[in-house]
Amino acid sequence: MVLFFKKERDLLARLLLAEQRRLALWLPVGLGLGIAWYFSLRREPGTPEVLAWAGVAALGLGWIAWRPHALAPRLIGGGAATLAVGCLAAFWATHRQPPLPDLPARATIVIGRVAAVALLPADGPVIRRLDLAGAVLDDPLDAGMPPLRRILRVRLRADDPLAPVPGMVVRVRALLRPPAPPSWPGGPDRQRRAYFDGTAGGGTALGRAQAIGPVPASSSLEALRERISARIVRVLPGAAGGVATAVLTGSAVGMARADRDAFADAGLAHLLAVAGLHLGIVMGVSVAAARLLLACSEWASLHWPCRSIAAVAGLVAGILYVGLTGAHLPALRSLTMAALVVLAIVTGRRALLLRGLAVGAILLLLTGPADLLEAPLQMSLVAVMALAAAAEHTRPILARLTEQPARWRRGALHAAHLAQASLLAGGATVPVVMAHFGTLQPWFVLANLLAVPLMAMWVLPLGLLSLFLMPLGFDSVALVPMGWGIGLILDLARMVSGWPAARLAVPAMPDWGLALWMLGLSWLCLWAGRWRAWGMAPMALALAVPFLVARPDLLLSPDGRTLAVRDGAALRIGPHPGSERLVEDDWRQALALPVMPLAGGAILPDRGRVALRLRGATPARCDGLALLVTLAPDDAGCPGARMLDSLATWKGGAQAVFLRAGGPVVVSDRDWRGARPWVLAPGQHGLPVLPMAQRE
């Protein structure tokens, strides 16, 4: 037995020594595990835990410095240090955020400075949403309160004639609300997202907004974006103009909801959101144009570093494109990665390497640890990792096409690159889409194989050309054929979305299932030896996790006014289906079941041990009852039976009930999330905004 374990240990040591140059690629994985561990805690760590993490990081790094060439310090010490640094980074990012304020539950007057204006997609009139900074609640109860330290998002009325611009001070009467709590234990945590996004909550304007003081002029960039959008819509009306506006200015408000749903069902929604794909196309076209212009000069070709100059020109074009489209966070992350690629080209390194991805991932995780839990960063990291790993293994094969003089081989090379990118990036992000959106698009690979080349070789290049021609007034020369390509993509999206099983609903994937997929994918991509194939086992298990984990049998909304019962192949919601659309959409996505109305009085789904009581229903019998879920106010309950009502949800948030052979098991949102800085107090109350101290 000892000899057997010694052979296994020696084999593992040989494998790790053969892969020792790739151990650094696991640094962002260790950081991510530390960040995920911190956010999985049920209570906020105290000073002893933080000091312990700092000590582990120091000891691990000290061990590596003491024996830098030994394998054990690099594995054990480096792994422990990266885990601890990940925890410390998440802790620091959490505690440098201001607390979530306690917003009034009544209509109030809000005065604030417009930090940003967002146009919300709508089938009717365009609706504007204002991000108000330094907001003050102007009513007698909040007199003397300091300005909010967070952004307050207020949605204006559709008939509001105000044309807000950044810097304007507005006054509006609105009904405010804090960030919505999870609709079920383990559901999407919008409060955590708002906490790290710097927002205090949202609101809906009850009256028209008024500008206070002088109206600032529109910023040159904002005005330029509006002029470009107006010109595009004038040349390309309808859905084609909406898509062109989305890819050139970052706003998809001109698209009808049916077309947006068609893109989502076909797996092409990423074409409407400016991110890594669009930035890569823009930079690629710019680099190719710069190389072509430099090649026209013999002197430049012989004496200048044309490759580096073209790469820098592509980066400049990418910066301008990101700024023009609104500098959204996914585009900024992609720009960070692109800057590292350009740096590699300028310094004579290979552009698409896993080491460059590791450096970029470390920077992103250290500067925004909470982004690891959100879909955009997860999709970006897994897609780029799959592409970079595949590039290492397929480069010799694709290089043979480059060495051949035939032109058709060059075309086949470009087609192979696009097909590989669509297959790998799309396949790597499938579980992320399942976990965050509860859907699976079986035809997305075919749709992307056709739509991505159209976007890369037709639509966006012509769109960039139209931007250069707009000052001359000849932009229609490029916009009209651009509309033809967009029309093909629209027809493709509508056709694929109409195919059978175009969009399948899948049950919610727990966080550990998604982590299993990412770890398996990392094992498959980051190692070079044959043992990397072991990563396919956890990846296959992760795909089956949503269908293997237990699902709740009863759900009670965070305000205790709506409940749902899993009844076979349907989800019955009552007493008024449609009254809480956000909660019901989350429930439908979590359980992947069609919604039906819940009617009637007492329902006994657990052989008499569980009873449901709706408003106005006759009291349920209490014989042998273990749990009573009631929506009736002032319900006396049953002796010896646990009761879930509005008071229970006021204290613990949403409730989930699992029916077991030994009796019902109740899990509350408070049990699931614990006491963390982003979890609001009972009743969804934040930290009170106390009045400012009077000057002596």
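The notes below cover confidence, helix packing and aromatic pairs in turn.

This is a predicted model, in which local features need pLDDT of at least 70 and side-chain atom pairs count only at pLDDT 80 or more, while totals for chains, interfaces and linings use all residues. Residues are numbered from 1 along each chain as its sequence is written, and side-chain values use heavy atoms, with hydrogens and water left out.

**Confidence**
- The chain has a mean pLDDT (the predictor's confidence in each residue, from 0 to 100) of 84, with 90% of its residues at 70 or more.
- Among helices (DSSP runs of H or I, at least four residues, numbered from the N terminus), H1 (residues 2–18) has the lowest confidence in the chain, at a mean of 62, whereas H2 has the highest, at 95.

**Packing of H2 and H13**
- The axes (lines fitted to C-alpha atoms over the stretch in contact, with angles from 0 to 180 degrees between N-to-C directions) of H2 (residues 27–40) and H13 (residues 354–367) lie 9 Å apart at an angle of about 20°, which makes H2 roughly parallel (under 35 degrees) to H13.
- On the H2 side the contact involves Leu-27, Pro-28, Leu-31, Gly-32 and Ile-35, and on the H13 side Ala-358, Ala-361, Ile-362, Leu-365 and Leu-366.

**Aromatic pairs**
- The whole structure holds 17 aromatic pairs, counted for rings of Phe, Tyr and Trp (its six-membered ring) with centres within 6.5 Å.
- The rings of Trp-26 and Trp-527 have centres 5.3 Å apart and planes at 40°, so this pair is tilted, the term for planes that are neither under 30 degrees apart (stacked) nor over 60 (edge-to-face).
- Trp-26 lies in the loop between H1 and H2 and Trp-527 in the loop between H19 (511–526) and H20 (536–548), so that the pair links parts of the chain 501 residues apart.

Technical notes. Helices (H or I, at least four residues) and strands (E, at least two) are DSSP runs, numbered from the N terminus. Angles under 35 degrees count as roughly parallel, over 145 as roughly antiparallel, 65 to 115 as roughly perpendicular and the rest as oblique. Contact means heavy atoms within 4.5 Å.
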